[in-house]
Structure formats: structure tokens, C-alpha cells
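Follow the chain in the view below while reading.

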Amino acid sequence: FVPTCFILMSSLTRKPNSPYWYCCFTTPDGSRTKRSTKQTNRNDALSVCQEFQRAASQSRKGLLTEAQARKVVADIVEYSTGRPMQFYTAAEWLRHWSKGKSEAKSQGTAVRYNGVIEDYIKFLGKRSALNLSHLTVKDVHSYRTKLKKSGLAPNTCNFAVKAISNALNAALKQGLITTNPATAIESLPNEQSEKTPFTKQQIKKLSSVAPPDWKLAILLGYCTGLRLSDIANMTWNAVDFEKGVIQIAPKKTRNIRKMVFIPIHSQLKDALLDAAGQDDPEAPILPTLAGKPTGGDLGLSKTFSGLMEKAGIDPQAYRKGEGKGRTMNRLSFHSLRHSFNSMLANKGIAGEVRQQLTEHSSDAMNQKYTHLELGRLREAVSVIPKL
């Protein structure tokens, strides 16, 4: 027995050779149609069919809101698969994704991602409460335009778009959206670094006015190219006097356990030996700097700026970005990293060796090191002139 389809009512029917029940229902324009329920059980098929008709009837009366439509679809999916279907507003998904990043990325990177996401939600305003699928290319492009007009550098604007795009890519992979509007945004041209290396004479001036811990920090920056936060928080277990190597996991890559191995320059070795005296390998090498933030009015970068002023060194301030922009210094502690790399380049050290010293290598590198590789790095560091 095959039931007939009655006007304004839903009913079930079957097609020959098909295991599924088909729903006969009235569409919003008054016509009749058949749709497969994808159900082989009649009771389950009837539940799906009733949802088809309910949605069509509400739409015909102009009563079907987006929220109701999502609920209808979710109910149908749950009937079909036995699993509830999730819908996210833009704000809900972006925060959900950002929370996951906090668990997978280093603390600094997670803070950057979270800052972008919260700022973007604020920028979207009421649109952040709409379903995630409503986000458009204009929503992303307008946000980047706003960042650029506020004076942020192109690199920063590009990072913001990348963060949003990564969040939407994750939604795309989970089937929550059909396209990622952020992929249509072309990156802004990157600005070249405005940092200037310190000269040997400037570093001598800095060392002459610096207190003991800062004097050693400056020498560490000059001879290793490490960043200020990594130097300030370095402990004695990072220094292997017997092998003559500093091995450290930089803060930027600590979450993925990548290590940097840097041969100890002869002058740095003497300074470290003079400062040694702690039996605890976990003790900080620079106790007066350890644990302090790098940014802010009381941060290490501000303290270093004070040392530069005391030494009579012009920080070479400039305005970065358009509009209001930001005042930046061409000379800062990070310039020691540029000095390190520049000195090696000027002495003819190959690019891949410089990259190995200043960037990152695998966690297993210590075991894979050969005497030849370590010898090349020692030879590279040895070209740095003593202060």
C-alpha cells in the first residue's frame, strides 16, 4: 500500500527499489514535492517528514526566522544521524577557536591570537551575533582597513587577517561554513625591518654604564643573537662549559620543543665563568632581570632605553605606519640580534650557518650533531671581535 499525497499535509511514500521513505509535502509556493528522508524506518522517516512540512508552512506564512530554520535543520540531522548538529554565531565560533589555540600555541602567540579575535568581534558589533556563515569578504577587508588606518604596520594587519582566516578554515573543515571569505584578502606588502645594528663602539659605551647583570645581558645579546626575554630568563643549566655550548628553547618556539645551540664565544665564556657560583642549575644567570616583563613602563626594554640615554646613544626614533602611527626606535636591545647577524655576514659566514645560529633547529639536533657541524658553528661565532 502506497499512501497518496494530500494537499497541505505531509505523508510518506516509497519508490520501487529504494530502501528509503520519501516525504510528500507542500512547499511555500503551494506546490507539492517529494524529498527523500534518507530513513529506512517509517517512524523516523515520519518525524523527518513532519519537520519538512513544518518549515515549509512557517515559511509560507512568513514566520520562519533564521533561528527557527537552523533548529529545523538541526532536528532533521539529529533524526537522520542520531547526533545533534551544532550552529555557531560568529562570536561563539571565533572564541571557541581562540580557546583551542591557547592550548596548542605558546603563551605569547595565544595572547596575540586572542587579542585579534576579541578586537574583531568588537568590530563586527551586532553582526557577531549572526550565524558564522553570514561573514563576508567585506567583513574581513573592512576590519583590515580599520587596522591600517589606525597606524598599524602591514605585518600586523596581515597577522590579524591570518588569525581570522585560520579560525574560518577550522570552521570550513568541520562543515560549519562552505567558504572562507578571508582567503580572498590579499596580503599587504611586508615592511622591511627598521632596526639598526649597534656599532662596536656603541656596545662598549652601553657596557660601561650598565650594572653587572645588564652588562652580561648585553654581552650575551652581542655574542649569541638571542632575544631579550630569552636572555633575561636563561638559567645555568642552559650553559655547558665542558662542551662550550649554550642550548636553549627560545620562548617563541618553546611549545614545539625546538632548541637553539650556540657555541660560547671566548669573551662570553670568561664573563659567564666570572658570574658563575650557583650550585642550582635552575637558578637564573641574571637574577635582577629574571621574571620581569619586557614591555611596559617598568619593563626591561624601557630600562634598556634608559641605559642608552645614559650612554649618550640616540635611539633614532621614527614614526611607523600611517595615520597616528607608532613611535618606534631603530636602536633597541633587539638591535644586538641584528649586530650579531650582521657581523657574521660581514665576515663571510654562509647564510645557512647564520640561520642555524639565529633561528631554530629540531629537538633531536643535539644527538644528530656531528663534530663538523658544531665545528662550523664554533668557527662562525669565533669571528665576532672582542669588545
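A residue counts as buried under 20% relative accessible area, as exposed over 50%, and as partly exposed in between, with a 1.4 Å probe and protein chains only. The model is predicted, so local features need pLDDT of at least 70 and side-chain atom pairs count only at pLDDT 80 or more, while totals for chains, interfaces and linings use all residues. Residues are numbered from 1 along each chain as its sequence is written, and side-chain values use heavy atoms, with hydrogens and water left out.

By this scale K38 is exposed, because its relative accessibility is 55%. K38 sits in the loop between β3 and α1 (42–60). Helices here are DSSP runs of H or I with at least four residues, strands are runs of E with at least two, and both are numbered from the N terminus. The phi of K38 is positive, near 60 degrees, in a residue other than glycine. N17 is another residue with a positive phi, about 65 degrees, although it is not a glycine. The loop that holds N17 is the one between β1 and β2. N17 counts as exposed because its relative accessibility is 85%.

Strands of a sheet pair through backbone hydrogen bonds, either parallel or antiparallel. Two strands are taken as paired if DSSP finds at least two bridges between them. The sheet in question is open and has 3 strands in the order β1-β2-β3, with antiparallel pairing. Its edge strands are β1 (11–14) and β3 (32–36), each of which pairs on one side only. From one strand to the next the twist averages 35 degrees, where axes are lines fitted to C-alpha atoms (for helices, over the stretch in contact) and angles run from 0 to 180 degrees between N-to-C directions. Strand β2 (residues 21–26) pairs with β3 over 5 bridges in the antiparallel sense. F25 has T33 of β3 as its bridge partner.

β5 and β6 are joined in the antiparallel sense by 4 bridges. I246 stands opposite I262 in β6, and the bridge partner of Q247 in β6 is F261. How do the side chains of strand β6 (residues 260–263) divide between its two directions? V260 and I262 point one way, F261 and P263 point the other way, and all are buried.

The loop between β4 (239–240) and β5 (245–248) contains F241. F241 counts as partly exposed because its relative accessibility is 25%. In sequence F241 and P263 are 22 residues apart, and from C-alpha to C-alpha they are 9.8 Å apart in space.

Two helices can be described by their span, for which the expected value is 1.5 Å times one less than the number of residues. Helix α8 (residues 212–224) has 13 residues and reaches 18 Å from its first C-alpha to its last, close to the 18 Å expected. α8 is mostly covered, with 11 of its 13 residues buried; among them are W214, L219, Y222 and C223. G225 follows α8 and has a positive phi, near 75 degrees. Helix α12 (residues 335–346) has 12 residues, and its first and last C-alpha atoms are 16 Å apart, close to the 16 Å expected. The buried residues of α12 include L336, R337, F340 and M343. G348, which follows α12, has a positive phi near 85 degrees.

Rolling a probe the size of a water molecule over the atoms shows where empty space is left. On a 1 Å grid over the protein atoms alone, a pocket is an open set of points with protein on both sides within 12 Å along at least five of seven lines, and its lining residues have an atom within 4 Å of a point. The second largest pocket holds about 270 Å³ of space, a volume being the space filled by probe spheres set on the points, which are joined across faces, edges and corners. Its lining has 15 residues, and P212, K215, L216, A271 and A275 lie nearest its centre. The elements that give two or more residues to this lining are α8 and α10 (266–275). α8 supplies the largest share, 5 residues. By class the lining of this pocket has 10 nonpolar, 3 polar and 2 charged residues, where Ala, Val, Leu, Ile, Met, Phe, Trp, Tyr, Cys and Pro count as nonpolar, Asp, Glu, Lys and Arg as charged, and the others, Gly among them, as polar.

Note on methods: On a 1 Å grid over the protein atoms alone, a cavity is a set of points where a 1.4 Å probe fits but cannot get out, and a pocket is an open set with protein on both sides within 12 Å along at least five of seven lines; lining residues have an atom within 4 Å of a point.
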